[in-house]
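Hi,

Here is the structure I promised to pass on. Have a look at it first, then read my notes on its pockets and helices below.

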Amino acid sequence: MENKTVLYHRQKDVGIITLNRPHRLNAINLDLLKGFMEQLDRAKKDTKARVIILTGEGKAFCAGEDLKETASGKSMEQWMDEAQRLQDVQRMTMKLGKPIIAAISGYALGGGCEFAMGCDIRIAAKTAVLGFPETTVGMTVTNAGTKLLPHLVGLGKAKELVLTGDFIDAFEAQRIGLVNKVVAPEDLMAESMAMAEKISSRSPLATSLSRTALDQGMEASFDQIMELEKSHLIICVQAGTEFVEKRLKEMKEK
């Protein structure tokens, strides 16, 4: 039977991955993790998709772990398998090689918020609610959230959010840097598409290299990132001469 817990389609050069368990607020279970990985692989292989949008069907982005299923009991082997699959999804998201925009509506909690943090840009509906409730149910952050969150909001705020398990609204999330932009719910996909189309209109090579440098720059030394930037510039000039010359000519004519 086809796994329909995560869907994929493309609009022009923008691929859209949709978490599709709306009856459970797109909560995470084994089928969703399997489907998510399948559609990430599909998006990666879709040569016509230059930018990806990740969103959720219905009233939520992703409400985190499906506690209703968890309450029915899991073996240690099942927990280990789920943890590995969660992290595999996050690795795939962050190493997809294409810019990813999270379009967040409703709840983005726990693993769901961590999925969003694995994306490059986060656009939230003003009705979105974000948070890390893991400690309130006796669990811990799993999807590199303890790495990504401090980078986005600072260590002190990250500790506050994780240790208290408090939820925040979209405007607070924007204020602290957890999301880039807040929009009306009815404008969420249009705004996300507009951002995706703007990015897709840029040089694919330059965009890919810039994304890589920004990610590596978080860990690299000053001298290392300077060398990486120089090599990226030379690659762009050598491989993208026609694109560069066209853009410079357009700018000169303005």
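The largest pocket is lined by 31 residues, and Met94, Asp120, Arg211, Leu214 and Asp215 are the ones nearest its centre. A pocket here is an open set of points on a 1 Å grid over the protein atoms alone, where a 1.4 Å probe fits and protein lies on both sides within 12 Å along at least five of seven lines; lining residues have an atom within 4 Å of a point. Helix 3 (76-94), strand 6 (121-125), helix 5 (145-153) and helix 9 (204-217) each give two or more residues to this lining, with helix 9 giving the most, eight. (Helices are DSSP runs of H or I with at least four residues, strands are E runs with at least two, and both are numbered from the N terminus.) The volume of the largest pocket is about 970 Å³, counted as the space filled by probe spheres set on the points, which are joined across faces, edges and corners.

Before you go on: this is a predicted model, where local features need pLDDT of at least 70 and side-chain atom pairs count only at pLDDT 80 or more, while totals for chains, interfaces and linings use all residues. Residues are numbered from 1 along each chain as its sequence is written, and side-chain values use heavy atoms, with hydrogens and water left out.

The second largest pocket has a volume of about 490 Å³. Its lining has 29 residues, with Gly64, Glu65, Leu67, Glu134 and Met139 nearest the centre. Helix 3 turns up here too, giving the most to the lining with six residues.

Now for the helix packing. The axes of helix 1 (residues 30-45) and helix 3 come within 10 Å and cross at roughly 25°; axes are lines fitted to C-alpha atoms over the stretch in contact, and angles run from 0 to 180 degrees between N-to-C directions. The two helices, helix 1 and helix 3, are therefore roughly parallel (angles under 35 degrees count as that, and over 145 as roughly antiparallel). Among the residues making the contact are Leu33 and Met37 of helix 1 and Leu86 and Val89 of helix 3, where contact means heavy atoms within 4.5 Å.

Helix 9 packs with helix 10 (residues 222-239) at an angle of about 175°, with the axes 10 Å apart, so this pair is roughly antiparallel. Their contact includes Leu209 of helix 9 and Leu228 of helix 10.

Cheers

Terms used:
Angles under 35 degrees count as roughly parallel, over 145 as roughly antiparallel, 65 to 115 as roughly perpendicular and the rest as oblique.
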